[in-house]
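Jotting down what I look up as I go.

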Amino acid sequence: MLLRRVLPCLVLLLASWAAPQAWAASQNPSVIRFVNGAGAIYGRPYTGGAVGLLMYRRGLETEFEKDGIRIEWIPVAGAGPGVNEVLANGGADFAFYGDFPATVGRAGGVRVKWIIPGNRGNNSYLVVPPDSKARTLQDLKGKRIAIMRARPWEYPFARYLADNGLGYGDFQIVNLSVADGQAALAAKNVDALWGNPWALLDRGIARAIASTHSLDKQYQSTAEVFVDPAFEKKYPQIVQRVVNQFVKAQAWGSDDANRQEVFKLLERAGSSSVVAAERENEGRSLRQTFSPLFDDFIVTHYQQLTAFLYDKRLVRKKVTVDDWYDPRYVAQALQDLGLETYWTPQDAQGRFVAR
Amino acid sequence: MPRVVSSRAEIRPAPAAAPPARIGRRVLHRLERAVLFALPAVIVFGGWAMLAAAEVIPSTVLIPPLDVLRTILDMARSGELAEHLGRSASRVLGGYAIGAPIGLVVGLGFGLSPRVRAYGDLLFHALRQVPAFAWAPLLILIFGIGELFKIAVIALAVFFPVVLATYEGIRDIPARYGDVARLYRLTRAQELGRLVLPAAVPSMVTGLRLALSRAWMMLVGVELLGASSGIGWMMDWGRSLFQLDLVMAGIVVTGLVGLLLDRGLRAAEARLLHWQPSR
C-alpha cells in the first residue's frame with residue numbers, strides 16, 4: 001500500500017531530476033556564431049584565408065542543417081581589433097583571425113583557445129612607384145615609408161629592418177591605413193609602402209623591391225581558428241564537428257587540382273585577384289598554405305611573435321603559447337577524415353620534415 | 001503743511017543683526033551649488049565603476065575608472081600625455097587660426113554685400129553640406145600627408161560655421177538700426193564700425209566658440225589619417241592593440257580639454273559682451 005503510494009512519487013521525483021538533465025545534454029545550440037576577422041576592405045566583405053574555403057564549400061551549413069543549427073557569420077569593421085572587441089563581449093563562438101591581433105587580444109585579456117592553424121605564408125612586400133630609383137631598402141634611408149601600424153605587417157617589417165641593421169628612426173615612417181597608403185604611393189606622397197598592396201602590384205602602379213617570399217619564412221603572417229572556451233565546454237562534440245568540416249575544407253583547398261578554383265574564389269571574395277593569389281603562392285603548393293598541423297613551424301612562429309610584441313612594448317603582458325592551443329581536435333579530425341599523412345609538418349625554419 | 005514722510009521708512013523695521021546669518025546662508029548656497037555640480041559626475045563615475053566591477057560589460061572592454069585614471073597619470077608622468085596634447089592642440093589651433101579669420105572676412109562679405117550674396121550664396125550652402133572629412137582625399141592630393149593637410153581639414157571645419165554665424169549676425173540686425181544710421185546721417189564706415197559690427201558681434205563670438213568646439217571634436221577623426229602622435233592617434237592605437245584603457249583615457253582627456261576650451265571662451269565672451277543688457 002505504502003509502496004503503491006511512494007513508488008509513483010519516487011519515479012516522478014527521479015524523472016523530474018533526470019529529464020531536464022537529459023534534455024540539456026541533448027540540447028544543441030540554436031546557432032553557431034563565427035566571426036571572421038579579415039573584415040572588409042574597400043567596403044566589401046573579405047572572406048579570404050582558410051575560412052573562405054569553408055564558407056565557399058558551405059561545410060558548416062550542410063553539416064548542421066539536420067540538427068537545425070543555424071550558422072551565423074559575423075562581419076566586423078576594423079579587422080583584427082574588431083574581432084577582439086566581438087570576442088571580449090562574448091559575441092562569437094568561433095573566430096578566424098590573424099596571428100598579430102590574436103596575440104594582442106590574448107595579452108589584453110581575450111580568452112579564446114586556438115584549435116586549428118588556418119593558413120600560413122601571407123606575404124608582405126616593400127613596394128615603390130614604378131619609376132623610383134630605389135632598388136634596395138638602403139636606397140630608402142631617410143625617405144618616407146607608409147605602413148599601417150599596429151597591424152600584422154608591422155612584425156615582418158620591423159624584423160626585416162633589424163636584419164638589415166636599420167630601425168624606424170632611419171626612415172620617416174608614415175602611419176596610413178591600407179587604402180590611404182595605396183593612394184599616397186600612387187600619388188607619390190610617400191617613397192615606399194610596406195604591406196600587401198596587391199591591386200597596385202597587379203596593375204603595375206607599384207613595383208616590389210623586397211618581399212617576404214625571399215626572407216625568413218617566419219616573417220610570413222598566419223591566421224587561425226579559435227573557440228570560446230565556454231562554448232567548447234558546453235558543446236565539445238559540436239566543436240569537433242566544426243573542426244572536422246574546417247579541416248575538410250582545408251584539404252579541398254590544398255588539392256592542386258582545385259588551385260585555380262581557390263584563386264577564383266579569393267578574387268570573387270574581394271580579398272585578392274587571381275594574379276595576386278598566384279603571386280602569393282608562387283612556387284608552393286596550397287597544401288603548404290592551408291596546413292592545419294600544429295608543427296614546429298607554427299608554434300615557433302607564435303613564440304617569436306609573442307616575444308617580439310612584448311619586447312617592442314606593443315603588448316603589456318607576455319603571452320604564453322603552450323597553454324594557448326589545443327591540438328586534440330585537429331588530431332581527431334585527421335583521424336576521422338583519414339588525412340593523417342596528407343599534410344607534411346614543417347620545422348622551425350619552414351623546411352618539410354621527412355617522414 | 002504736514003511733512004510727507006516716506007511710508008516705507010516708517011514701516012520697515014530696523015535691520016536686525018544679520019551679518020552672521022547672511023554669511024552662513026552664502027556658504028550653504030555655495031555648498032549646494034558644489035553638490036549639484038558634483039552630483040552628475042559622482043553618478044556617472046560611480047555607475048561606471050559599478051558596471052565594470054560587476055562585469056556587466058567585461059572589464060577588458062569597459063575599463064574601470066581607477067585604471068583609466070592610472071593610465072592617464074602614467075602618461076602624464078612619462079610626458080607622453082603632454083606630447084600628444086601638444087600635437088593635437090597645435091593642429092586645432094593651427095586650423096583655427098586659418099579658418100576663423102577667413103571665415104569672418106567671408107561672412108562679413110556675405111552679410112554686407114548683396115553682390116557677394118548673389119554670386120556666392122548657393123555655392124556656399126552647397127559646399128557647407130559636405131562633411132569636412134570628405135575633403136580629405138582632395139586635400140591630401142594638394143597638401144600631401146603631413147601636418148598641413150590635417151590643419152587644412154580643421155580649417156575647413158572651422159570656416160563654415162564662422163561664416164554662417166557672421167553672416168546671420170549681420171542679417172539679423174533689425175531694420176530700424178539702418179533707420180537710426182540714416183537719421184544720424186552716419187557714413188558707411190561709421191555705420192559699419194559703430195552699428196553693424198557691434199550688433200553682429202554676439203553672433204560672431206558664439207560662432208567662433210562653437211567652431212573651436214567643433215575643431216576639437218574633429219580631432220580624433222583627423223588624426224586617423226596619417227598621424228603618428230596626438231590624442232586621436234593615441235585612441236586609435238589603443239584600439240588596434242586592444243588596450244582600451246588608452247581609448248578611455250583619450251575620451252576623458254578630450255572631454256576635459258573640450259570643456260575647458262568651451263568654458264574659457266564663454267568667459268571671454270561674457271567679458272566682451274558685458275555691455276549687453278541681457279547679460
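Predicted model: local features only at pLDDT ≥ 70, side-chain atom pairs only at ≥ 80, totals over all residues.

**Entry: the strands around β7(A)**

I stayed with β7 of chain A, residues 125-128. I found that Tyr125(A) and Val127(A) sit on one side, Leu126(A) and Val128(A) on the other, and all four are buried. So both faces of this strand are covered, given that buried means under 20% relative accessible area.

Next I checked the pairing. β7(A) runs antiparallel to β10 (residues 192-195) of chain A, with three bridges joining them. Within that pair, I noted Gly195(A) as the bridge partner of Tyr125(A). β7(A) also pairs with β11 (residues 207-211) of chain A, again in the antiparallel sense, over four bridges. There, Leu126(A) has Ala210(A) as its bridge partner.

Then I turned to β10(A). Ala192(A) and Trp194(A) point one way, Leu193(A) and Gly195(A) the other way, and all are buried. β10(A) also pairs with β8 (residues 144-147) of chain A, this time parallel, through two bridges.

**Entry: chain A overall**

Chain A has 15 helices and 12 strands, and its C-alpha trace spans about 105 × 45 × 40 Å along the principal axes. Of its 355 residues, 54% are buried. Among contacts with a separation of 6 or more, 78% involve residues 24 or more positions apart. I get an accessible surface of about 16000 Å², with 54% of that area belonging to carbon and sulfur atoms. For charges, I counted 42 positive and 36 negative side chains, and the centres of the two sets lie 3 Å apart.

**Entry: helix α4(A)**

How many of the 10 residues of α4(A) are buried? Nine of them are, so the helix (residues 79-88) is largely enclosed by the rest of the structure. The buried ones include Val83(A), Asn84(A), Glu85(A) and Leu87(A). I wanted to know what they pack against, and got β1 (31-36), β5 (94-98) and α5 (99-107) of chain A, together with α10 (231-240) of chain B. After the helix comes Gly90(A), with a positive phi near 65°.

**Entry: the contact with chain B**

I found 27 residues of chain A and 21 residues of chain B in the contact. The buried area between the two chains is about 2000 Å², and carbon and sulfur atoms give 58% of it. On the chain B side, Ile145(B), Arg239(B) and Phe242(B) lose the most area to chain A, together 31% of what that side buries.

Is Glu232(A) buried or exposed? It counts as buried because its relative accessibility is 9%, under the 20% cut-off. I placed Glu232(A) in helix α9 (residues 229-234) of chain A. Beyond its neighbours within four places in sequence, Glu232(A) is in contact with several residues, among them Lys113(A), Asp326(A), Arg328(A) and Tyr329(A).

Lys217(A) went on the page next, in the loop between β11 and β12 (221-227) of chain A. Its relative accessibility is 28%, so it counts as partly exposed. Skipping neighbours within four places in sequence, I list Gln288(A), Phe297(A) and Gln349(A) as the contacts of Lys217(A). I also took one distance: Lys217(A) and Val274(A) are 23 Å apart, C-alpha to C-alpha, and 57 residues apart in sequence.

**Entry: positive phi**

Arg58(A) is not a glycine, yet I read a positive phi of about 50°. Arg58(A) lies in the loop between α2 (49-57) and α3 (59-65) of chain A. At 47% relative accessibility, I log Arg58(A) as partly exposed.

Arg185(B) also has a positive phi, near 50°, and is a residue other than glycine. I found Arg185(B) in the loop between α8 (175-183) and α9 (188-222) of chain B. With a relative accessible area of 72%, Arg185(B) is exposed.

Key: Residues numbered from 1 in each chain as written. Chains lettered and ligands numbered in written order. Heavy atoms only, no water. Buried < 20%, exposed > 50% of the residue type's maximum accessible area, 1.4 Å probe, protein only. Contact = heavy atoms within 4.5 Å. Areas by Shrake-Rupley, 256 points an atom, 1.4 Å probe, with all protein chains shown as cover. Lys, Arg positive; Asp, Glu negative; His and termini not counted. Charge placed at Lys NZ, Arg CZ, Asp CG, Glu CD. Pairing = 2+ DSSP bridges. Buried area = accessible area lost by both parts, 1.4 Å probe.
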